[in-house]
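Today's notebook page is open, and I am going through a few spots one by one. Here is the structure I worked from.

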Amino acid sequence: MEASAGLVAGSHNRNELVVIHGHEEPKPLKNLDGQVCEICGDQIGLTVDGDLFVACNECGFPVCKPCYEYERREGTQVCPQCKTRYKRLKGSARVAGDDDEEDVDDIEHEFNIEDGQEKNKHLTEAMLHGKMAYGRGHDDEENSQFPPVIAAGVRSRPVSGEFPMGSYGDQMLASSLHKRVHPYPVSEPGSIYIYHWLKGLITTLFFSSHSFVTTLGSARWDEKKEGGWKERMDDWKMQQGNLGPEPDDDPDAVMVDETRQPLSRKVPIASSKINPYRMIIVARLVILALFLRYRILNPVHDAIGLWLTSIICEIWFAFSWILDQFPKWLPIDRETYLDRLSIRYEREGEPNMLAPVDFFVSTVDPMKEPPLVTANTILSILAVDYPVEKISCYLSDDGASMCTFEALSETAEFARKWVPFCKKFNIEPRAPEMYFALKVDYLKDKVQPTFVKERRAMKREYEEFKVRINAIVAKAQKVPPEGWIMQDGTPWPGNNTRDHPGMIQVFLGHSGGHDVEGNELPRLVYVSREKRPGFAHHKKAGAMNALIRVSAVLTNAPFMLNLDCDHYVNNSKAVREAMCFLMDPQTGKKMCYVQFPQRFDGIDRHDRYANRNTVFFDINMKGLDGIQGPVYVGTGCVFRRQALYGYEPPKGPKRPKMVSCDCCPCFGRRKKKQSKKGVNGEAINLEGMDDDKQLLMSQMNFEKRFGQSAIFVTSTLMEEGGVPPSSSPAALLKEAIHVISCGYEDKTDWGTELGWIYGSITEDILTGFKMHCRGWRSIYCMPKRPAFKGSAPINLSDRLNQVLRWALGSVEIFFSRHSPVWYGYKEGQLKWLERFAYVNTTVYPFTSLPLLAYCTLPAICLLTDKFIMPEISTFASLFFIALFISIFATGILELRWSGVSIEEWWRNEQFWVIGGISAHLFAVVQGLLKVLAGIDTNFTVTSKATDDEEFGELYTFKWTTLLIPPTTILIINLVGVVAGVSDAINNGYQSWGPLFGKLFFAFWVIVHLYPFLKGLMGRQNRTPTIVVIWSVLLASIFSLLWVRIDPFVMKTKGPDTKQCGINC
């Protein structure tokens, strides 16, 4: 399969598949009967005499020699079509039941018995051959079975992450897989064949594993015994003086000792920093309890409504603080050792043993996510410091845009020049736009005399590349009436973005994927999943799950790294940093993912809207890393593929439990009957169950879990990754089209137990939560040089819309079946402080309701001359003073151990209020409408486009209804301050004392909303008219209603008209 052979497009449900070449007409794929094996899809091959191999001389049913040999050795030994017993052919081993054939002179092959260990070596390949058979319709589903497990050591090829890249132009036309779209009933011979084959295979796996383990154990025992004898002989020789001790400076010994060292370690926070922090947390909790007790026991009788509202808000704030604070009880740092990783897995003269990694990049709309930004991300991935044969990059184009497709084609061509330049001079970062924008002396530390010349030439090449990309984007602004046409005159398959076939194009690969210096490049694959009306596509989560399956079919790397299209690789060694945790022989098997912090470019110096979010990434995430691991934040994360498949982490040895008979229940519990858990966790009792039932149960588990794809299901059983060599490139591409079909996930566990979890637009939180509930652990990796960098919306409206999307996703999770409030208790694998953090991620939008009320209370108090607190004594005032001191002390000590600046902490506090009374409030309302009324909201992609002027977007005003609530609150409090000061001036000196408390709360609100006010004013210090009109209108209506209704303040006693007798 050549990298530039063409675009493969097709629909599995419609049984369509075409290859669109650059300057040729599309060629439909077809079967060439008589040359292709009807069981596995491979070429029939030739006999030892050079003739076409014919397994059955009665009917001539096309079967290749490996399938023929396997059927005679392990199967029913009959032809699947005519049921005639297979005769022994020349070159085949004799099996039981063969007739004596004097005319066949083949003594050397007659009694060739395959070794048992060789059978286990090719177990995965044999399973794949057997599964790729006839009868994939609903009538014969009971005959499609899979073995429940394949040992980790059984692999069909060295783990390289490759998929074969031979020429597939004519080869694809001459190859075919089994037909899946119900072409054959259950009685077809292929179905009977695969039924008996899998019946024998599963019986072997269930009941023959004991002998295999015994043999393996015996071999290990012999080796151990021999090693012990050798050690005793060395000791005896040393005592006799014939063998001296080895020198200490042996480099090999030092190397061996280095390989035994851990690849990473925890770095605890210094006790001088963390212990005072914990003491303050406990003290603040006690003070908070005393403060709430005082507030509840001392009501304000003349403003009982205001007092009750404030009490409810304060109790909720206390609950929210507990959920946020205690998961930060055990913060840690981590340290990695990249040199030890290289010593252990990259030994000189030996094959590179680093694990392959599949990169996932997702994009939707090229107008909101510029192709140039995506191209820089792709280029930075292709140039990472990692073996090229271990890297594969998949781009998911969920908008099926020809603009993205052509831009990726240009990117692949430019990569042939850019990648060798990066590796030759070891530059950082390896995204060209960011590298050439660096304002540093590029001559520093560059000793190569040709660097200056080559850098200038490369910059010219990049400028020309940008011109070509921008021309593609400009062309895509206006869609032709007849739709987009490819270079060969073929209509673009994705002209209808809601109704198009699946598309796959390999741009860089094993054949044709070389740079200008002749070195191999990593694989680059374009993927656009099939979309049809009437199917649920599940937005980004569905696209990511499609990438999981495509990559499993084509490369099947054991680890996957997903990035947003605007997050480029800033540290070329980031993948190695993650491998220090995931490939650690001691703890790596229990790690489901390694999360890197998000860092951003292009943010204004003061970070007006807290876009960097450093409080969350540098404080909260460090705290979670000390418990069970950080939450998954949607990008910059390296996953273990097996964890995304829903498997549980390996269990360590447990202490045996005491068991006894029923005679004395005090001395133990009754031993339960042993059972084996299936893939979905159902107990499978192996005793008394015949082979047919075991086969049926295995089939139901695998097909319900993973879907009906033989190659994909086989890949899920290969823990160390790799692609079976028996699969032809044509078969792999056809299967890849199948697994991205729109109906593939129907009646499977995709989105509920496997892959990215559906049910929320913030699928990242749900996905990580499910893994932690199964007992997996995650890691937070913060290298000194940020691993990845992206762009963030610095415009106020875009920032609020982004926060709205996150908050809405949290509300959806809260009302779903996967809510951390009630999900995951049965397994008991989620630690309590980790659960606190997940609960906090789902309930924080509801804080907007008490926050909105609390921000309104100061203005009401100033306008009505009432207050939410009674006159306090000197002793009671200590509660307030102690509470404020503990709040500030907690924040200062957090900054001390985390390294976050006080300006970043303050910006985070300000935007917590701004987002709370705007985006979070709208998210709660929209979430309730979706749950109660079924009114869904559309997910809007955040624009990644940048303004030509530096920070130009910061001053751009974009109208959104999210601006109305904060503006209204701001105006009400300003009016309240004016009214309160005016009243104090009129009433004299004695009214200034109570006024200070009210003014303090009002100024607290105004100061927190100050960045919002600056965003409204813009560069010209002019507030848009529509915002002023709406805010003044709402403020006026609220004030008039207050004067008319006055609900919270008790009526003051006036003159009694009955006593005075005055008829007013």
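I began with Thr 363, which is buried, at a relative accessible area of 3% (buried is under 20%, exposed over 50%, partly exposed in between, with a 1.4 Å probe and protein chains only). This is a predicted model, where local features need pLDDT of at least 70 and side-chain atom pairs pLDDT 80 or more, while totals for chains, interfaces and linings use all residues. Residues are numbered from 1 along each chain as its sequence is written, and side-chain values use heavy atoms, without hydrogens and water.

Thr 363 sits in strand 6, residues 357–363 (strands are DSSP E runs of at least two residues, helices H or I runs of at least four, numbered from the N terminus). Leaving out residues up to four places away in sequence, I found that Thr 363 touches several residues, including Glu 369, Asp 397 and Cys 565 (contact means heavy atoms within 4.5 Å).

Next I looked up Cys 565, and this residue is buried too, with a relative accessible area of 2%. Cys 637 is in no disulfide, and its nearest cysteine sulfur, that of Cys 592, lies 7.7 Å away (a disulfide is a pair of cysteine sulfur atoms within 2.5 Å). Cys 637 is buried at 0% relative accessible area. My disulfide count by this rule is zero.

Last, I turned to helix 27. Which residues does this helix span? I noted 874–898, and Phe 888 has its place there.
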